[in-house]
Amino acid sequence: ALNLAGQLAPLVIAFLTLPMTIGGLGPDRFGILGLVWAVLGSLGVVDVALSRTVTKFASTALAGDDRSAAAAATLNAARAQLILGLAGALAAAVATPWLVNTVLNVPAELASETRAALWLVAAGVPAVLVTGCFRGLLEALGRFDLVNVQRFTYGSMTFAIPWLGVVLGWSLPAISAALVAARLAAAATHGATACILLPEIRSRRSIGAVGEVVLFGGHLTAANLILSFHRLSDRFLVGSFSTLAAVGRFTLASEIAIRLAVIQSSVIGASFPSLTAASASLDAAASRTIIRRTTALLLLLMGPPCAVLGVGAHPMLAWWLGKEIADSTAALLQILVAGAFISSFAGVAVAVLQASGRPEVVTRLRARLAVPFFLLQCWAVARWGVVGAAWGALARSTIETAAMIAAAHSAGRT
């Protein structure tokens with residue numbers, strides 16, 4: 001319940017601020033903001049991977065009252081993420097001019113703003129990745145209250161800062177800089193909270209199974225990077241084959257659909273420690289019970305909002321943002337919401353594989369499907385534009401969910 005509240009509450013801020021943000025920025029600039037959100041959101045996918053890694057290893061250590069091992073697992077993961085984040089920041093900075101000048105259809109008058117915004121986002125990559133490590137420790141310690149106070153605070157800033165920027169007349173680079181500053185503050189406060197609750201972190205000693213933590217985290221990160229790549233490439237493909245205004249429409253529908261994933265992450269985040277313990281003790285009956293209850297709860301919580309959005313997408317968007325936006329976005333939202341519903345059950349299968357110590361299965365499966373999925377999306381966007389991107393995303397969700405469930409069943413038999 002705390003997880004769900006912490007992740008849903010920022011959506012209230014989004015609901016209140018998005019109409020003014022869209023109107024103030026205009027279609028093209030909102031499209032650029034959509035790319036900024038996509039990059040930060042993609043980093044959040046990697047952030048979740050290391051958070052789950054730390055939760056797994058720290059929970060095991062704390063169960064044995066080994067606080068030093070819990071601290072070591074956190075520090076080892078944080079250091080690995082810092083290195084990965086610095087490499088990612090450099091790569092993003094180098095690729096920015098090529099993306100703006102070659103890949104995206106950026107109007108000449110917005111090119112400099114777009115480059116500056118993406119460069120600023122690149123600078124925040126390391127902080128975003130390190131934050132998840134400290135969040136994972138807080139979850140292992142059972143402090144979901146502190147986790148979600150910060151989740152609400154910084155999650156709300158994602159939408160409140162662009163709105164404030166519009167009110168104050170900020171440029172897109174200024175808005176991007178403020179968003180990155182919020183991510184830096186999140187890293188600092190998560191780290192400080194973790195140090196207070198587990199002072200052993202301050203020793204800065206890397207003891208324990210460094211390789212095991214890094215390897216497990218590497219698999220989760222690689223698997224989530226592939227998922228992140230698909231979500232990010234959807235918007236860049238729309239921008240390449242269509243217009244920034246189309247990116248804005250796809251961003252709006254996609255952000256609403258992606259936010260439904262907070263239900264999945266809330267439920268699975270709460271059940272993952274128990275599922276890990278059951279798998280470690282080889283208690284198959286307990287594992288099956290947890291899986292059944294998690295799946296049933298997802299169906300109960302995901303079904304109604306997905307059905308409401310599917311049926312009422314156009315009237316709700318028209319009431320919220322106006323008829324013009326509803327006419328161009330409602331169909332996209334309906335398709336992407338269907339994909340979000342289907343993907344939630346892939347999340348259960350992924351959690352089962354990771355809790356049982358088989359994260360490489362998820363990584364290999366996504367790696368094998370990555371190129372076919374990307375080619376499918378290129379064809380769909382080139383042929384049908386932004387609507388093709390939505391249908392391609394739905395096809396990707398359906399195929400991956402079926403594949404992950406099959407892999408989880410197969411791993412269970414072995």
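Trainee: Is phenylalanine 229 buried, partly exposed or exposed?

Mentor: In this predicted model, phenylalanine 229 has a relative accessibility of 41%, so it falls in the partly exposed class.

Trainee: And phenylalanine 374, what's its relative accessible area?

Mentor: Phenylalanine 374 has 27%, which makes it partly exposed as well. The ring centres of phenylalanine 229 and phenylalanine 374 are 5.5 Å apart with the planes at 45°, so this counts as a tilted pair. With phenylalanine 229 in helix α7 and phenylalanine 374 in helix α12, the pair links parts of the chain 145 residues apart.

Trainee: How many aromatic pairs are there?

Mentor: There are five. One of them joins phenylalanine 15 and tryptophan 320, and it is stacked, at 5.5 Å between centres and 15° between planes. Because phenylalanine 15 sits in helix α1 and tryptophan 320 in helix α10, that pair ties together parts 305 residues apart in sequence. Ring pairs also bring Trp319 into a cluster with Phe15 and Trp320.

Trainee: Switching topic, where does α5 bend?

Mentor: The bend, of about 40°, is at threonine 158, and proline 162 follows within four residues. Both Thr158 and Pro162 are among the buried residues of α5, and the helix, 25 residues in length, still spans 35 Å, close to the expected 36 Å.

Trainee: What is leucine 33 in contact with, beyond its sequence neighbours?

Mentor: Its partners, leaving aside those within four places, include Pro162, Leu172 and Leu179. Leu33 is also listed among the residues with the most contacts inside the largest nonpolar core, which has 88 residues.

Notes
Residues numbered from 1 in each chain as written. Predicted model: local features only at pLDDT ≥ 70, side-chain atom pairs only at ≥ 80, totals over all residues. Heavy atoms only, no water. Helix = DSSP H or I, 4+ residues; strand = E, 2+ residues; numbered from the N terminus. Expected span 1.5 Å × (residues − 1). Bend = angle between axes of the 7 residues up to and from the residue. Buried < 20%, exposed > 50% of the residue type's maximum accessible area, 1.4 Å probe, protein only. Core = buried A, V, L, I, M, F, W, Y, C linked by side-chain atoms within 4.5 Å. Contact = heavy atoms within 4.5 Å. Phe/Tyr/Trp six-rings, centres within 6.5 Å; stacked < 30°, edge-to-face > 60°.
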